[in-house]
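Dear colleague,

Please find below the structure that I am handing over to you.

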Amino acid sequence: MEDLLATCAHVAHFLLPLLALIVLLRCVRSMLSGRADPETWGYLVTPEGQVRPLLHWECIIGRSRSADVTLPFSDVAGVHAVLMRNDRGEWRIHDLSRGGGVFLNGKRVEGTEPLVDGDIIRCTTHMLKFAANTDAHRAIQEKRRAVAGWRVSPAATLFFLTLLQLLLVLEFLLSADPAYRFNTILAFFALILIEWLCYLLMRTMDRSGFEVETLAFFLCTLGLSVCATATPAELTRQVVLLLAGVVLFFLFGWWLRDLSHVKALRWPAALMSLALLALNLVAAQEIFGARNWITIAGFSLQPSELIKVAFIYVGATTLDRMFRSRSILLFIAFSAVCVGGLALMGDMGAALVFFATFLVIAFLRSGSIATVLLAVTSAVMAGMLVLSVKPYVAQRFQTWGHVWQDVNGAGYQQTRAMSAAASGGLFGQGAGSGWLKNIVAANTDMVWAMLCEELGLIVAVIAILAIIALAIFTVKNAARNRSSYYVIAACAAVTMMMVQMGLNVFGSLDILPFTGVTFPFVSRGGSSLISCWMLLSYIKAADTRRGGSFIVKAAKSGKEAAA
């Protein structure tokens, strides 16, 4: 029996990379295939009979070429007005001309006014008639658009992922400590149950797209494998945290449906984040040179992971607020406090992640390269100051590129990580069979090297490609998205994931300074796992395919609309 099990595990060892590749390719093909036909939410009609479609929930009217509805006249401001729609189909018009040059049915617009079908908009002397797109008409248009999960069955992709998870269980039957063998099997079966329940819930919500979640569950599978290897006693806790992350993914996605609610809580979220950051500076305990852990009732919490979600929540904005200088200045101040606080705590990895995210948000909000360059210059100066007052951080940068000169000192972790990664080859030594797990922070800061050692370079590279696939998918959806809020939030979320992944992988290999940043979904840690699932809500919200996002309610058919 033992020989048969060993033979099956040996075969499974070589099938794992193939199944991982199948899952990735099926998800990528499904996410990137299909026509990118725009959604039409309404129309503006000129006196000459020209029809201008409104392709977003937020549409700019102005002289600028980048405006959604261009009025190329000298008396029209570059950004003159914004039309905004909510998920209930209600429209409003906002005056951004600064000169009171927006009128609705002959009455000057004071800030913002509701907009209904047939209303006449006047920008200075130029008339436009508003026509809302009915549910019946939109239902006809939606039939022409690509359906999420149509070309590649998400259930079949999830089936391949389930096979991969069962093969990992088979490997752990041989390598796991007998005392934890049952817990390991139970944890993987709980993961399989959670992902299939999640898929069925999406189907009951009439959502056919499940690629984003499948990639996240694939990465969580690798994370559970790491946990089963390094800290098998914490498997139950890890599954519970995973379940909590999935629940928050759905709840937060539901909350993002209504932008009016989102906008109402932006600054309370900012104040809560600053309070949490202040508490961290005062009460946190220092671990490996960074004061980034708070213990509450026996549970360790990493505030920077939770502040990530709030940082994007505050930084993303709708078009009616994007061009207000007060709004962007407040966000810059909020960002400076967050990044500065993390730097003072010694958590340079998190500070770099936040700063890179700030640059993306600042560029998307302002469209100004000069603003970004100014921010980079200021950050370099601030970074030099931090290095001068934080010797532990300075040592990390001094070690960069020279780890082999002090293999038992400053370069201890990275030299072991590189040695373990090289020993794994293409297919790895087998789940649970590596030795890097005995090194401090192997399952967090050096987790990619652990994947290379145990599951092989192929699976480790596929983990990187899964994050890149999410980024490409988000950028693809940006131009066709419904609201600037979802565009900025999704782009910021994938920026965080990409920067974290880069710092984790290249830091382990001494290509970049070793900053102690986690690999999204894979590194062990409850705060990190929960924040990653909440960040995934932003990406899911930006899915523009029919049946892809849980943000937009499905359009009613002609018969339903008539009823």
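**Findings**

The secondary structure of the protein chain amounts to 20 helices and 14 strands. Please note that this is a predicted model.

As to the chain overall, 55% of its 563 residues count as buried. Its accessible surface is about 23500 Å², and carbon and sulfur atoms account for 66% of that area. Among contacts between residues at least 6 apart in sequence, 69% join residues at least 24 apart.

I would next draw your attention to a sheet. Five strands form this open sheet, with mixed pairing, in the order S4-S3-S5-S6-S9. Its edge strands are S4 (69-70) and S9 (112-115), each of which pairs on one side only. Within the sheet, strand S3 (residues 58-62) and strand S5 (residues 81-85) run antiparallel and are joined by four bridges. Cys 59 stands opposite Leu 83 in S5.

Phe 159, Leu 163, Leu 166 and Phe 189 make a nonpolar patch of about 350 Å². Helix H3 (residues 154-175) gives the most to this patch, contributing three residues. Phe 189, in turn, is found in helix H4 (residues 181-204).

With kind regards

How values were computed:
Residues numbered from 1 in each chain as written. Predicted model: local features only at pLDDT ≥ 70, side-chain atom pairs only at ≥ 80, totals over all residues. Heavy atoms only, no water. Patch = residues over 30% accessible without salt bridge, like charges linked within 9 Å, V, L, I, M, F, W, Y side chains within 5 Å. Areas by Shrake-Rupley, 256 points an atom, 1.4 Å probe, with all protein chains shown as cover. Salt bridge = Lys/Arg side-chain N within 4 Å of Asp/Glu carboxyl O. Helix = DSSP H or I, 4+ residues; strand = E, 2+ residues; numbered from the N terminus. Buried < 20%, exposed > 50% of the residue type's maximum accessible area, 1.4 Å probe, protein only. Contact = heavy atoms within 4.5 Å. Pairing = 2+ DSSP bridges.
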